[in-house]
Amino acid sequence: MKTFAGAYVNLLKTSIGSGVLSFPYLFKTYGIVVTVFLTLITGLFATTGLVLLMICSQVIGRTADLSKLAAQCFPYARIFVDLAVFLKCFGVSLSYVIITRQLLPPILESLFERAPDVNPSLFASPSITLLIFLGFVGPFTYFSKLDKLKYTSFVGIFSIVLVILAAVARYIHTDTTDVKIAFFLPITIDWLAGMGKFIFSFTCHQNIFAVNAEIEDNSLPKMKKLICTVSMSSFTLYMTFGWQTTCFTDLRFLKMS
């Protein structure tokens, strides 16, 4: 990940993830104006936080991380910072495991339904498919550098872009003349439930240190450029997918998922 492009792909993938799928629901829950405003605000906060972390890391250098920065400022609070990062990463990882457990069985069944030597029912059990998945991705967790995951990150970005292009294509070929998306919607309890989706849309703070350590030119101006580029790209992808998909998606399905 010595190049700017490699760092961009890795950081963008950790920033957007599966959160992009929440934006059709957010558009229909908050309305256009509030959704765009809250996305801009959370993106601005995340960008500011990343820039501040890079400014602080100049004191330590390439080996900087959240734990070391906390030790510099509040030595006794270091354990709490480490715990917060662990809980955040654990929660995100757990959500991915749950999504994988739900989506992988039908995918494998459809792939092997025409294979003469394979019984598709073998993949009907979510527990079995989840174990297969964990066995496949397990070795990747032992990589010590984020650069080793640049190809998997590229595959992830490609998949997200493919989903967005599919949404745009469907939007073009769908009659949306009768679809109305409100600019403003009344405040409901669903607003509180959706706030976390905005916050987690730009969270990649724990990965910025690995990028800072591995990129060849980690000067502050270059890192600021990288952070701003990733934030603007994430915002563009969120708005594009959310807007296009909202026009033909059933809100009840989005809420259940």
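Ile157 has its place in helix H7, in a model that is predicted. With a relative accessible area of 13%, Ile157 counts as buried, because the cut-off for that term is under 20%.

**Surroundings of Ile157**
- Leaving aside neighbours within four places in sequence, Ile157 is in contact with Val9, Leu12, Lys13 and Ile16.
- Although Ile157 and Ile16 are 141 residues apart along the chain, their C-alpha atoms are separated by 8.8 Å.

**The largest nonpolar core**
- This core has 40 residues, and those with the most contacts inside it are Ile16, Tyr30, Ile208, Phe209, Met223, Leu226 and Tyr238.
- Among the elements that give two or more residues to the core are helix H1 (4-16), helix H7 (150-172) and helix H10 (220-246).
- Met223, once its neighbours within four places in sequence are left aside, is in contact with Met54, Ile208, Val211, Asn212, Ile215 and Asn218.

**Helix H4**
- In helix H4, which covers residues 66-73, the buried residues are Ser67, Leu69 and Ala70.
- These residues lie on the same side of H4, because they cover an arc of only 165 degrees around the axis.
- At the start of H4, the backbone nitrogen of Ser67 has a side-chain oxygen of Asp65 within 3.1 Å.

**Annotated spans**
- The unreviewed UniProt entry places the feature "transmembrane region" at several spans, including residues 30-55 and 76-99.
- Residues 30-55 are 96% helix and 0% strand, with end C-alpha atoms 35 Å apart.
- Residues 76-99 are 92% helix and 0% strand, and their end C-alpha atoms lie 37 Å apart.

Terms used:
Residues are numbered from 1 along each chain as its sequence is written. This is a predicted model: local features need pLDDT of at least 70, side-chain atom pairs count only at pLDDT 80 or more; totals for chains, interfaces and linings use all residues. Side-chain values use heavy atoms; hydrogens and water are left out. Buried means under 20% relative accessible area, exposed over 50%, partly exposed in between (1.4 Å probe, protein chains only). Helices (H or I, at least four residues) and strands (E, at least two) are DSSP runs, numbered from the N terminus. The arc is that of the directions from the helix axis to the C-beta atoms. A polar contact is a pair of N or O atoms within 3.5 Å; within protein, one must be able to donate a hydrogen and the other to accept it, and residues adjacent in sequence count only if both atoms are side-chain atoms. A nonpolar core is a set of buried Ala, Val, Leu, Ile, Met, Phe, Trp, Tyr and Cys residues joined through side-chain atoms within 4.5 Å. Contact means heavy atoms within 4.5 Å. UniProt positions are given in the numbering used here, feature names are shortened, and annotations may be inferred rather than shown by experiment.
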